[in-house]
Amino acid sequence: MTGRLFDKVWDRHVVASPQDQPALLYIDMHLVHEVTSPQAFEGLELSGRKVRRPDLTVATMDHDVPTTGFGTATDDWPIDDPLAAQQVSRLRRNCAEHGITLYPLGSIEQGIVHVIGPQLGLTQPGMTIVCGDSHTSTHGAFGALAFGIGTTEVEHVLATQTLREAKPAAMAVTVDGELPASCTAKDIALGIIRALGVRGGVGSVIEYRGSAIRALSMDGRMTVCNMSIEGGARAGMIAPDDTTFGYLEGRTHSPRGALWERALDDWRSLATAEGATFDHEIHIDASALRPAVTWGTNPAQSVSIDDVIPDPGALAPAARQAAQRALAYMNLEPGTAIRDIVVDTVFIGSCTNGRLEDLRAAAEVVRGRTVHPGVRALVVPGSARVKAQAEAEGLDKHFTDAGFEWRSAGCSMCLGMNGDILLPGQRSASTSNRNFEGRQGPGGRTHLVSPAVAAATAVAGHFTAPEDLR
Amino acid sequence: MAGVQRISGRAVALERNDVDTDQIIPAAWLKRVERTGFATGLFEAWRKDPDFALNRPGAETAKILVAGANFGCGSSREHAVWALQDFGFRAVVASGFADIFRNNSISAGLALAQVTPDAATRLFSALAVDPAAEVTVDVAARVVTIAPAGLSEPFELSDFAQWRLLEGLDDVALTLQYEAEIAGYEAGRGSWLPALAPGAADGT
Ligand code: SF4
């Protein structure tokens with residue numbers, strides 16, 4: 001029962017536990033973006049309250065910003081969409097009025113909120129981190145308890161730096177074995193959700209364990225934790241280890257000197273004790289994974305790239321109707337080989353797969369090759385810094401030489417708020433996290449894949465594993 | 001926010017599982033900076049189908065939505081709750097809710113009634129027979145009834161959520177009663193924990 005990473009982080013943040021009420025949890029870092037915050041700031045102002053801890057609050061603009069054009073910091077970056085421009089200027093005003101640090105368009109620290117937190121060293125083991133965004137689970141890769149909240153809760157955190165939370169159940173997902181070379185953290189994440197289902201994690205915080213998780217880089221661990229919410233879980237966590245500490249050392253907000261040593265002692269004490277038990281447990285054999293491709297309209301509906309579109313008739317009755325609906329929406333026939341499915345759009349980016357490691361993997365595949373003439377392919381780095389690092393390595397050249405669009409940082413086609421959208425009937429291979437109906441644009445059809453598969457698919461024009469190109 | 005005791009009225013049956021927040025309110029609507037004005041966006045894509053539940057006669061007066069498992073999965077957008085409320089819904093009955101959607105609903109005063117899958121099936125059957133039947137979600141008694149069909153199904157709602165719905169509480173005011181505890185906690189936080197320079201907009 002006790003001695004779990006989740007309990008340790010939870011317990012140390014309980015400010016009060018009133019009888020018969022959820023605990024009041026202290027929040028160590030609050031990430032804010034333009035889309036889910038305006039109504040929260042408005043609520044704060046209407047009630048005459050202030051931001052309690054502007055120093056534990058950080059903001060950026062990512063969801064509906066353009067990903068073309070901006071390069072340097074400016075107060076009034078022109079945004080064509082008047083509603084998006086209004087949200088962005090509202091965020092500027094709110095941050096200025098409340099003394100909140102903001103990384104606006106043009107700043108080297110601007111980017112997708114879940115990419116910049118870790119990159120700045122603001123995401124550290126043992127912390128509680130919240131954001132008005134469900135993929136806040138990403139930060140759990142560092143052994144933080146991190147979860148998404150709604151706008152009323154954003155207002156609550158702004159005003160009190162705390163949240164009321166009923167304690168979720170603890171689930172363990174153990175991934176053992178050696179991951180095949182053709183697979184990435186994305187394939188682990190999709191494999192887990194396939195096993196768990198989209199409701200398997202509801203009411204739970206997942207701890208990812210096992211040799212295949214330990215072997216992942218921080219970028220890979222973030223990909224796995226990012227998709228916890230797609231299995232319904234509130235959060236995902238990975239015990240911090242030397243990989244974590246190596247990533248954090250020397251970052252802008254990482255502790256230094258004697259404080260670093262004290263922090264390390266603390267962080268080392270967080271791992272789940274041997275023999276601890278969980279409310280639910282599942283096991284995944286990483287060595288049996290193959291590159292995953294989703295075929296439906298929820299992230300659990302995936303098969304390996306070697307497979308065919310499943311026959312809904314062969315599925316359990318409960319899943320059958322959903323599968324039929326999904327295939328009708330996706331315009332796919334059972335029995336079609338995944339490799340025979342033609343795409344017209346490839347999107348590489350998002351808080352799932354928009355970090356440097358992801359861009360390296362994709363660039364490696366496209367290097368010296370050409371994007372298929374029937375495909376529009378874009379790469380949208382997760383942050384301005386990732387973009388700069390990729391350019392320093394020359395990755396942008398591989399992409400642009402092949403025919404990819406090389407963009408500035410933002411959420412872009414992950415949710416299609418900024419004009420980067422699929423048109424009705426278009427079909428994408430996307431490295432993002434949600435294949436819901438219309439997620440990338442009304443009527444658009446999304447297949448979730450890893451960056452390597454997305455890159456190979458851009459070259460071939462249909463679903464392709466990198467190894468097929470050799 | 002006004003308290004909610006019981007909600008009675010017509011219901012819309014949405015017999016689907018895993019209804020995600022992207023369907024409830026598509027991303028294009030999230031550019032609004034207000035909490036209102038989302039009714040047209042509610043299930044925008046699905047409403048293009050004339051047979052969709054919300055397009056059936058009488059649905060425009062409905063106060064209760066009945067759905068399957070894992071309603072509201074996906075994104076954290078509270079706009080999904082605001083859109084349901086804007087359309088006129090005061091309660092959602094389902095055999096399961098996604099975690100963030102649940103929190104958002106209670107925050108915004110949308111009553112949630114989690115019934116068993118069997119109870120949901122009975123409710124769907126009753127509504128298929130009589131789509132205009134009056135449904136009552138009694139928050140105080142934690143039971144949903146369709147009297148003409150003789151149905152009375154208990155539902156799950158935590159004591160705390162029930163209390164907040166009944167009283168229409170301002171959560172922040174409630175929490176600020178713990179001001180001393182919060183300040184005490186802050187005094188003991190780890191010295192290595194990150195903080196930003198206050199007021200240093202665009203600083204590091
Ligand atoms: S990249 Fe996509 S999933 Fe991630 S924060 Fe942006 S919109 Fe949300």
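I began with what a pocket is: on a 1 Å grid over the protein atoms alone, it is an open set of points with protein on both sides within 12 Å along at least five of seven lines, while a cavity is a set where a 1.4 Å probe fits but cannot get out; lining residues have an atom within 4 Å of a point. Volumes are the space filled by probe spheres set on the points, with points joined across faces, edges and corners.

**Ground rules**

I am working with a predicted model, where local features need pLDDT of at least 70, side-chain atom pairs count only at pLDDT 80 or more, and totals for chains, interfaces and linings use all residues. Residues are numbered from 1 along each chain as its sequence is written, chains are lettered from A and ligands numbered from 1 in the order in which they are written, and side-chain values use heavy atoms, with hydrogens and water left out.

**Pockets**

I looked up the largest pocket, and its volume is about 1000 Å³. I found 41 residues in its lining, with Arg199(A), Ala318(A), Ala322(A), Asn17(B) and Asp18(B) nearest the centre. Helices H6 (185-196) and H11 (317-330) of chain A and helix H4 (117-129) of chain B each supply at least two lining residues; helices (H or I, at least four residues) and strands (E, at least two) are DSSP runs, numbered from the N terminus. H11(A) has the largest share, eight residues. I sorted this lining by class into 20 nonpolar, twelve polar and nine charged residues. For the classes, Ala, Val, Leu, Ile, Met, Phe, Trp, Tyr, Cys and Pro count as nonpolar, Asp, Glu, Lys and Arg as charged, and the others, Gly among them, as polar.

Next came the second largest pocket, with about 770 Å³ of space. Its lining has 36 residues, and Ala166(A), Asp99(B), Arg102(B), Asn103(B) and Ser158(B) are the closest to its centre. H3(B) gives the most to this lining, five residues.

**Cavities**

My search of the whole structure turned up four cavities of 30 Å³ or more.

**Cores**

A nonpolar core is a set of buried Ala, Val, Leu, Ile, Met, Phe, Trp, Tyr and Cys residues joined through side-chain atoms within 4.5 Å. Buried means under 20% relative accessible area, exposed over 50%, and partly exposed in between (1.4 Å probe, protein chains only). The largest core has 88 residues, and Leu145(A), Val175(A), Tyr208(A) and Trp267(A) have the most contacts inside it. Strand S9 (residues 169-176) of chain A brings the largest share, five residues. A second, separate core of 87 residues includes Ile112(A), Ile305(A), Ile338(A) and Leu30(B).

I also followed Tyr208(A): beyond its neighbours within four places in sequence, its contacts (heavy atoms within 4.5 Å) include Val173(A), Ile192(A), Val224(A) and Met237(A).

**One loop residue**

Last, I checked Asp55(A), in the loop between helix H2 (38-46) and strand S4 (57-60) of chain A. Asp55(A) counts as buried because its relative accessibility is 14%.
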